[in-house]
Amino acid sequence: MFHWLEKHPFFFAVGVFLVIAFAGLIEILPNFAQASRPVIGTAPYSTLELTGRHIYIKNSCNACHSQLVRPFKSETDRYGHYSLSGEYAYDRPFLWGSKRTGPDLMRVGNYRTTDWHENHMKEPSAVVPSSIMPAYRWLFTNKSDIETAYAEQLTVAKNFGVPYNKPVSMKDGSSKTVKMGASVAEAKSIALEEAKVIAADMRDQDVKDAVANGQIPEIVALIAYLNSLK
Amino acid sequence: MVNRPLEYDYTVAKMFMLTTVVLGIVGMLIGVILAFELAFPGINLILGDKLAEYTNFSRLRPLHTDAVIFGFTLSGVFATWYYVGQRVLKVSMAESKLLMSVGKLHFWLYIVVVAAAVFSLFAGVTTSKEYAEFEWPIDIGVVVVWVLFGVSMFGLIGIRREKSLYISVWYYIATFLGIAMLYLFNNMEIPTMLATSPAGETGIGSWYHSVSMYSGTNDALVQWWYGHNAVAFGFTVPIVAMIYYFLPKESGQAIYSYKLSLLSFWGLMFVYLWAGGHHLLYSTVPDWMQTMASVFSVILILPSWGSAINMLLTMKGQWQQVAASPLIKFMVLASTFYMFSTLEGPIQAIKSVNAIAHFTDWIVGHVHDGVLGWVGFMIMSALFHMAPRVFKRELYSKSLMATQFWIQTLGVILYFTSMWISGITQGMMWRAHDEFGNLAYSFIDTVTVLHPYYVIRGVGGLLYLIGFLMFAYNIYKTMSSRPVEERELQNATPMGA
């Protein structure tokens, strides 16, 4: 059989393809049948949080920070409850990372504040002595791209039924509605309202002024995202 | 038809040899910079605060991985295909104008895609998925380049004289099919510019941005099915194709066992794809998949060692060649590193070992003993073997090659040993508890302790880069020297006085 295949490239290629495709069929398809379902308490990202998530990705934060707490005592002691599949239901893409040069950030919103992030992004070693993380000072001057985040919200709401403008159950029995604008202008004003809350806790005068003038520096959106990680 | 030997046409092979060398230097240089950034964080600001965004570790890291995978390695795969393909199929590219144009188009489009990829990664345009960072416009470019490679390959196979496909060709075909399948499915994404707001606005935001078709755990599953097997079909399968051709050619020995190559090939094809889940042990991926991934990773030792042992036994009775020829040294050490790396990987895929190893430098060390020791050595060996034959000149310096061998071997050893120690140290410190059950170390303690190993790793990487520059110089001097026939013949009869 093998000698015959080696003389017939077409059938050889078909054979190889069937053999390599087999594992994917068995492993990947069944999991897709039960598409990711959110656990209670998981809400879609707001416009500003999603903008911050894009900034997280743009700077490849995931190259050094994971977002996956494994079910070990040492990890739950350090980072909080181990990760549940449903918590990632709205993560497109997933950001688990593959290397922890810095600590895990899955629940960083539980134990770090806006103020802490602001100082840390400006000069990490001033907050964590002998940190090897580089400073991210350009985030204080670069302006955020709200429009792309809005376009992504529209896309996931339409194609994947992500529940924007719909009540989502929270852990304490209450419900929360994440707003998505009906137009670019409204999306921007929603994001700006969120940004004002973050900027109020910040010290950098240039950032505060920018937000007061209706602009959103990248750092504000990034902190909004980091604070949402719980 | 005139009965004379075939004149193979190496035009396209030469073009890809050039990009192998150039992109190899770029990728490895960025790697060395990254290594020293971890050891000495001040290097993040090497070009000042204004350009910090572009010299920063996190911005450069995808550039390093993509430059060595899609730049250096793929160029090497293409270069060797355009050399080996003609020779084992007994057909010259000069015989088909169409295939020659497809080959050249393949090269030039590849250059365009590489340029676009470098530019976009510097700008921070990325999907975040490892080795699949490119956004949809570049993905389309990658697919077109890959289709051209396929047309080129199957075109040549279609007009072949030698009816039986040599082992290397099996592996090249598998490379083509594997990457095609994986890349397509992992990059399923929807461009966000297609969205329409309730107010009727269209084309909102960046035109190149997209959102993954899969979310959360499913996304992770597809990504590591891709990520691990991009390693399989980029770093293993085509490199095995190379060694099956170049080792027998260089040593003059026949392949030890045809049956062993059959077993290794079909075994590798079947087993490799299952192992992707070992990147997701203890994650939220279903448990049965994690177990399957562990089990198949261990089984993977069989086909991997099958190929490697087949190569080492090919040298049976001819071991004096290892001492005599630096090129044979490179290839024998490459297959040894292949054995070593394919034993280390399965060990790390055992769940209890993975609990310590995952997220640490040990994984980085594992990748690098594979790519530096196996992929890098094998691609350089291939080019060393090809250079005199495609340029029709003697290799510039054999002793330079021998020196390079020892420098790079030392570099690889420094690299993986330091990363072993670093990874296991950090893994153990993360999980250490004191007698009251509290964590023994804060996170930063587990970072500062790694400093010496980061320095050693940087030095190891630097040695490897220096060796690669020696390789580049050797190839350049070979290429630019006078052709053999132009030179004064050594043993020619002296002109009559």
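Colleague: In chain B, what share of the contacts with a separation of 6 or more comes from residues 24 or more positions apart?

Modeller: That share is 81%. Two residues are in contact if their C-beta atoms, placed from the backbone, lie within 7 Å. For chain A, take the contacts between residues at least 6 apart in sequence: 71% of them join residues at least 24 apart. A quick word on the ground rules: residues are numbered from 1 along each chain as its sequence is written, while chains are lettered from A and ligands numbered from 1 in the order in which they are written. This is a predicted model, where local features need pLDDT of at least 70, side-chain atom pairs count only at pLDDT 80 or more, and totals for chains, interfaces and linings use all residues.

Colleague: Predicted, okay. What scores does the predictor give the complex, and what pLDDT does chain B average?

Modeller: The complex gets an ipTM of 0.93 and a pTM of 0.94. Chain B averages a pLDDT of 93, and 96% of its residues score at least 70. pLDDT is the predictor's confidence in each residue, from 0 to 100. Where pLDDT is low, the predicted coordinates should not be read in detail.

Colleague: How many helices and strands does chain B have, and why is chain B called as compact as a globular protein of its length?

Modeller: Chain B has 17 helices and two strands (DSSP runs numbered from the N terminus: H or I of at least four residues for helices, E of at least two for strands). Its radius of gyration is 24 Å, close to the 23 Å that the globule rule gives for 497 residues, so chain B is as compact as a globular protein of that length. The radius is taken over C-alpha atoms, and the rule is 2.2 Å times the number of residues to the power 0.38. The C-alpha trace of chain B spans about 95 × 60 × 50 Å along its principal axes.

Colleague: How does chain A do when set against a compact globule of 230 residues?

Modeller: Such a globule would have a radius of gyration near 17 Å, but chain A has 22 Å. The C-alpha trace of chain A spans about 75 × 45 × 35 Å. Chain A is also divided into domain 1 (2–33) and domain 2 (47–228), with bounds from an automatic or database domain assignment. The centres of those two domains of chain A, taken over C-alpha atoms, are 42 Å apart.

Colleague: Let's zoom in. What makes H228(B) buried or exposed?

Modeller: H228(B) has 23 other C-beta atoms within 10 Å, and that makes it buried. The cut-offs: buried means 20 or more other C-beta atoms within 10 Å of a residue's own, exposed means 12 or fewer, and partly exposed is in between, with C-beta atoms placed from the backbone. H228(B) lies in helix 7 (residues 216–251) of chain B. Leaving aside neighbours within four places in sequence, H228(B) is in contact with A275(B), G276(B) and H279(B).

Colleague: And what does K166(A) count as?

Modeller: K166(A) has 13 C-beta neighbours inside 10 Å, so it counts as partly exposed. You'll find K166(A) in the loop between helix 7 and strand 1 (167–169) of chain A.

Colleague: How do you know where the buried residues of helix 9 of chain A sit around the axis?

Modeller: Those buried residues, in a helix that runs over residues 205–212, are V207(A), A210(A) and V211(A). They cover an arc of only 95 degrees around the axis, which puts them on the same side of helix 9 of chain A. The arc is that of the directions from the helix axis to the C-beta atoms. On the other side of that helix, Q205(A), D206(A), D209(A) and A212(A) are exposed. The buried residues pack against helix 8 (184–200) and helix 10 (218–228) of chain A.

Colleague: What about the buried residues of helix 5 of chain A?

Modeller: Helix 5 (residues 114–122) of chain A has T114(A), H117(A), E118(A) and M121(A) buried. Their arc is only 100 degrees, which puts them on the same side of helix 5 of chain A. Helix 8 and helix 10 of chain A are among what covers them.

Colleague: Last one: how many residues does each chain bring to the contact?

Modeller: Chain A brings 71 residues and chain B brings 74. Helix 2 of chain A gives the largest share of chain A's side, 14 residues.
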